[in-house]
Amino acid sequence: MAVRRTRRKPRPADRIGSILILAGVAAVWLTVLLVGRTGDRPLDPGRDPRWGADLVAPGQIGDLELAATRVFDAEDLYEYINGQAPHYIQFGFRALLVAEYAAGPAELPSVMIDLYDMQRRRNAYGLFMESFPPEAELIDLGNGGFLSGSVAVFWKGSFYVRVMGLGASASESAVETAAGLIAERIEDDSRELAEFAVFSREGLAEDTLSFLKAAPFGLAHLREAFVAGYDTPEGAFRLFFCELEGPEAVVEAVRAHAGFLEGRGGLQEANLEGENLSVWGEDRYIGASLLMGRGRFLAGSLRITDVAEARRQVEDLLNRAESALDSGGKDGGIGGE
Amino acid sequence: MTDGGNLTRRNFLRMGTTAAALGMAAPGLLAQGSAGKLEYRVLGRTGLKVTTVSLGCMVAPEEVIAMAGDLGINWFDTAHGYKGGRNESEVGRALKARRKDVHISTKLRRGSTQEMLAQLETSLTRLQTDYVDNLMVHALSSRDQVMDEATLAALTRAKESGKTRFIGLSTHSNMTECVNAAVDAKVYDIVLTSFNFNSDAPLIAAVEKAAKAGLGIIAMKTQLGEFPNPEGGLTPHQAALGWVLEKPYITCAVPGTRDFTQLEHNLEVMSRRLTAADRRELELYAAATRSLYCTACRGCEGQCPQGVNIPEVRRCAMYLEGYRDTGLARENYAQVAANAAPCGDCAECVATCVRGARLQPVLARAHSRLA
């Protein structure tokens with residue numbers, strides 16, 4: 001027997017549903033169109049979803065007008081900076097906004113700005129310090145900058161910024177003006193990294209504060225290390241602390257350090273259980289080292305001469321790091337955490 | 001593992017992260033500070049015997065450099081510009097006590113003869129030595145740069161004054177042209193070039209030819225990044241290094257070495273050989289990464305129906321974006337435009353990269369900025 005299908009008259013709710021479905025499909029289609037890879041066609045960076053920051057390239061810098069913008073992410077950064085891309089990515093790179101400025105629509109660009117969103121202030125700072133020539137003069141640009149020919153480089157917030165003059169007509173003053181304007185547009189609560197305030201100033205050696213993103217001191221099991229050098233009558237040593245993802249990462253790092261020392265015949269003592277972890281030992285290249293871990297923080301000392309004193313110092317550093325950073329110290333800056 | 005039928009780098013990396021982590025967690029061979037067997041080769045006509053696994057110091061902490069020296073590595077590669085100049089100081093401190101046992105090679109930025117000689121003086125001070133074993137001009141990318149008179153004058157004067165024993169050049173762009181030019185110049189002793197399992201036939205031929213001509217050949221960028229080796233054997237990092245050192249025309253490699261573990265693993269390569277599994281993984285990774293970088297193979301030459309000189313325009317884009325040398329980019333683009341059609345406004349670019357890299361965006365960027 002044939003089945004008779006009854007066609008009922010569509011109700012208003014059905015029509016609304018159909019419209020909503022079609023609208024949803026259209027929205028998805030438009031989203032795909034906008035969100036899909038755009039190569040490097042000029043885009044308002046505010047509309048490129050790969051650019052997560054609120055900061056938009058200014059439309060005008062002095063007499064120069066914004067001519068073109070590009071956005072790159074980790075997938076295609078190599079197209080822009082080729083062999084350097086992995087290093088930037090390893091440093092926490094999230095996205096790059098490139099903005100070009102020219103004297104007029106028919107003119108070649110004479111200033112180019114590279115605005116790297118490095119996700120965190122520490123990453124921007126670390127990348128900046130790597131590029132900072134020791135002979136250069138640190139100038140008052142952003143949170144710290146320098147000039148090298150027709151290039152201005154600075155960091156502020158979570159941004160690492162390069163401003164370049166292009167061509168023979170580029171003037172250093174135009175570069176400095178552009179750099180200053182960009183720096184003003186980046187918000188930041190502080191010129192310093194809050195993490196450096198954790199270190200005691202007593203005996204702190206000048207120009208020894210640093211942030212080492214990966215494998216500080218050649219130790220593959222450590223990362224995200226804030227380091228300070230100390231010079232006291234008892235000798236020179238280094239203190240450092242690392243803020244990791246969580247307690248498991250800390251346990252893993254402390255155990256790895258014990259393994260490192262043991263493998264080299266220098267392990268003296270290890271406490272790898274409970275909330276307060278510690279290991280100390282000696283190595284020909286990093287000297288006597290003490291590492292302590294608690295929560296998501298590691299703290300340690302290298303080239304120690306007095307283990308008891310080192311324990312006191314590292315414990316103090318751990319307490320200070322927890323107190324300062326566990327209270328929600330801001331990472332600052334647009335795009336920062 | 002594949003994406004649309006193609007093995008992508010991202011999928012390949014995701015595939016074996018755990019395997020890689022396990023491999024790297026295995027204890028190294030150097031528990032007691034022993035390097036195992038060291039291999040040496042003679043660096044071309046210099047006569048220097050250097051360890052086949054040497055040290056690229058750019059990312060190496062001072063502690064690692066010191067350990068490398070203690071373990072017997074005797075060739076250390078740094079540069080005036082690494083870490084803003086701090087790397088040479090690190091090398092100097094780490095190797096001061098054993099200066100006579102090691103060879104230090106550094107590189108200077110191109111400039112006038114006087115500028116380069118001034119750089120050299122600064123470098124020697126940082127390195128705490130009154131000579132280097134090899135002085136190179138850094139990151140050349142064209143025959144013209146290799147033959148540049150100011151460069152050759154600086155290197156030659158440095159050699160004549162005893163501030164360097166030998167001279168050379170480094171290149172990681174348009175390497176084939178640069179290596180061939182180094183042979184033709186007849187003054188260089190050493191060439192440091194990118195060379196890895198992804199290198200193409202023209203570069204391999206150029207390097208072989210240079211070695212036969214007596215130049216010492218040093219390989220860098222041997223790893224092309226890190227990737228997993230699920231089948232065991234050498235780690236992929238080691239396999240890539242081992243692939244390079246299998247080539248008798250390569251004297252040594254200077255892998256960038258960030259930590260003690262990496263140093264130990266690199267040294268282990270000197271006493272290990274590639275297995276069939278290692279080669280298979282390298283082939284897979286080569287296929288996954290071939291399209292990422294332009295290697296200046298010139299496979300795109302002659303493809304544009306409008307006559308755009310694609311390889312040369314790509315090189316201009318590299319000067320502008322990679323090297324940020326806008327003057328050089330514009331100067332070269334002017335020559336390209338004078339001799340051939342500039343990139344136009346075709347509705348669709350028909351040229352394709354034989355390695356799968358994207359051409360059109362790079363060409364369009366170069367044209368918009370340099371035309």
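**Exercise 1: a glutamine in chain B**

B:Gln128 counts as partly exposed because its relative accessibility is 38%; buried means under 20% relative accessible area, exposed over 50%, and partly exposed in between (1.4 Å probe, protein chains only). Before going on, some ground rules: this is a predicted model, where local features need pLDDT of at least 70, side-chain atom pairs count only at pLDDT 80 or more, and totals for chains, interfaces and linings use all residues. Residues are numbered from 1 along each chain as its sequence is written, chains are lettered from A and ligands numbered from 1 in the order in which they are written, and side-chain values use heavy atoms, with hydrogens and water left out.

Task: find where B:Gln128 lies and look up its phi.

- Step 1. Go to the loop between helix H5 (113-127) and strand E8 (132-137) of chain B; B:Gln128 lies there. Helices (H or I, at least four residues) and strands (E, at least two) are DSSP runs, numbered from the N terminus.
- Step 2. Read off phi: B:Gln128 has a positive value of about 55°, although it is not a glycine.

**Exercise 2: a glutamine in chain A**

Task: do the exercise again for A:Gln119.

- Step 1. A:Gln119 sits in the loop between E4 and H4 of chain A.
- Step 2. Its phi is near 75°, positive in a residue other than glycine.
- Step 3. With a relative accessible area of 28%, A:Gln119 is partly exposed.

**Exercise 3: an aspartate and its partners**

Task: is A:Asp76 buried or exposed, and what does its side chain contact?

- Step 1. Look in the loop between strand E2 (64-73) and helix H2 (77-81) of chain A.
- Step 2. A:Asp76 counts as buried because its relative accessibility is 1%.
- Step 3. Its side chain makes a polar contact of 3.1 Å with the side chain of A:Arg50. That term means a pair of N or O atoms within 3.5 Å; within protein, one must be able to donate a hydrogen and the other to accept it, and residues adjacent in sequence count only if both atoms are side-chain atoms.
- Step 4. A polar atom of the A:Asp76 side chain also lies 2.9 Å from the backbone nitrogen of A:Asp73.

**Exercise 4: where the chains meet**

Task: how many salt bridges cross the interface of chain A and chain B?

- Step 1. Apply the rule: a side-chain nitrogen of Lys or Arg within 4 Å of a carboxyl oxygen of Asp or Glu.
- Step 2. The rule finds three across the interface of chain A and chain B.
- Step 3. One salt bridge joins the side chains of B:Glu63 and A:Arg238 (2.6 Å, N to O).
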